[in-house]
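Reader: I have a model open and would like to learn how to read it. Where do we begin?

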Amino acid sequence: KREKLWKNFVDEAQRIAVQKEAAVIKIMICASTRSSLNNQWGINPLIKHGFGDTSTQSLVINLEPEEDVLWQALGKNTRRTIERVSAAGYSAKRMPWSQMIDAYFDAHVETYERTGVTPHPKSYFSGIAKMPEEYFPLWVGFTPQGEAAAFHGDISFGGSEFYFVGCSQSEHIETGINSLLFWEAIRGAKQRGNAWYES
């Protein structure tokens with residue numbers, strides 16, 4: 001059944017790619033899914049369907065330990081950065097995509113232009129904003145003045161959560177706000193009952 005499902009999935013992806021005149025198909029398999037965690041040989045199941053393996057490395061965090069144990073597992077410099085940025089009045093809060101889409105897109109464009117990458121169209125994020133919120137948690141980093149300065153979006157499903165998108169305004173990068181966002185995302189994933197967090 002699993003092999004039949006994979007074949008149907010790949011066939012449909014190829015059909016859509018031809019229809020849309022796509023030049024390439026990219027498929028991502030999360031390292032924190034049950035099948036990936038149990039894949040003792042590390043063989044990419046898409047190879048048999050003609051895909052090239054472009055796997056990279058993932059950090060998968062076991063969320064079973066208590067929060068204070070997870071905190072201590074962070075690097076000492078990361079903990080200091082989070083403490084410093086929090087003491088300076090920065091904060092992180094989970095927010096609905098639908099409320100933050102304009103601010104997110106502005107920071108996305110700024111981030112991509114800063115790093116020399118072509119930004120996604122706004123419709124890409126508008127599509128995410130229409131999805132059920134429990135599957136796409138968005139964390140927003142706020143300045144001491146309450147302005148949105150950085151964003152961290154995850155995908156959550158099947159007892160796992162993984163980092164998906166993020167961006168920040170240039171003037172706030174050095175504050176350490178992104179470390180605070182990552183920590184709050186990890187805490188939030190644990191609080192929602194996820195077993196794993198992947199980056």
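Author: Begin with the word contact, which here means heavy atoms within 4.5 Å. Take A17 as a case. Leaving out residues up to four places away in sequence, A17 touches A22 and I25. A17 sits in helix α1. One caution: this is a predicted model.

Reader: Is A17 buried or exposed?

Author: The cut-off for buried is under 20% relative accessible area. A17 has 13%, so A17 is buried.

Reader: What does the chain look like overall, and how many helices and strands does it have?

Author: It has seven helices and six strands. From the N terminus, the order is α-α-β-α-α-β-α-α-β-β-β-α-β. The C-alpha atoms fill a box of roughly 55 × 40 × 30 Å along the principal axes. Of the 199 residues, 36% are buried. Now take contacts between residues at least 6 apart in sequence: 66% of them join residues at least 24 apart.

Reader: How do I read a backbone phi angle?

Author: Most residues other than glycine have a negative phi. E21 is not a glycine, yet its phi is positive, about 60 degrees. E21 lies in the loop between α1 (2-19) and α2 (34-37). Its relative accessibility is 72%, so E21 counts as exposed.

Reader: Where is the kink in α5 centred?

Author: On A103, with a kink of about 40 degrees.

Reader: Which residues of α5 are buried, and what covers them?

Author: First, the general idea. An α-helix has 3.6 residues a turn, so residues three or four places apart point the same way. In α5, the buried residues are W97, M100, I101, Y104, F105, A107, H108 and T111. Their cover includes the strands β2 (91-95), β3 (138-142), β4 (148-157) and β5 (160-168), along with helix α6 (122-129).

Reader: How do I describe two packed helices?

Author: Use the angle between their axes and the distance between the axes. Here, the axes of α4 (residues 76-87) and α7 (residues 177-191) come within 8 Å and cross at roughly 105 degrees. Angles of 65 to 115 degrees count as roughly perpendicular, so α4 is roughly perpendicular to α7.

Reader: Which residues make that contact?

Author: From α4, they are T78, T81, I82, V85 and S86. From α7, they are I177, S179, L180 and W183. By class, the contact has five nonpolar, four polar and no charged residues. Several α7 residues are buried, among them I177, L180 and W183. E184 is also on the buried list for α7.

Reader: Can we finish with a loop residue? Where is T143 found, and what is T143 in contact with?

Author: T143 is in the loop between β3 and β4. Its relative accessibility is 3%, so T143 counts as buried. Set aside its neighbours within four places in sequence, and T143 is in contact with G89, Y90, A149 and H172.

Methods:
Residues are numbered from 1 along each chain as its sequence is written. This is a predicted model: local features need pLDDT of at least 70, side-chain atom pairs count only at pLDDT 80 or more; totals for chains, interfaces and linings use all residues. Side-chain values use heavy atoms; hydrogens and water are left out. The bend at a residue is the angle between axes fitted to the seven residues ending there and the seven starting there. Helices (H or I, at least four residues) and strands (E, at least two) are DSSP runs, numbered from the N terminus. Buried means under 20% relative accessible area, exposed over 50%, partly exposed in between (1.4 Å probe, protein chains only). Axes are lines fitted to C-alpha atoms, for helices over the stretch in contact, and angles run from 0 to 180 degrees between N-to-C directions. Angles under 35 degrees count as roughly parallel, over 145 as roughly antiparallel, 65 to 115 as roughly perpendicular and the rest as oblique. Ala, Val, Leu, Ile, Met, Phe, Trp, Tyr, Cys and Pro count as nonpolar, Asp, Glu, Lys and Arg as charged, and the others, Gly among them, as polar.
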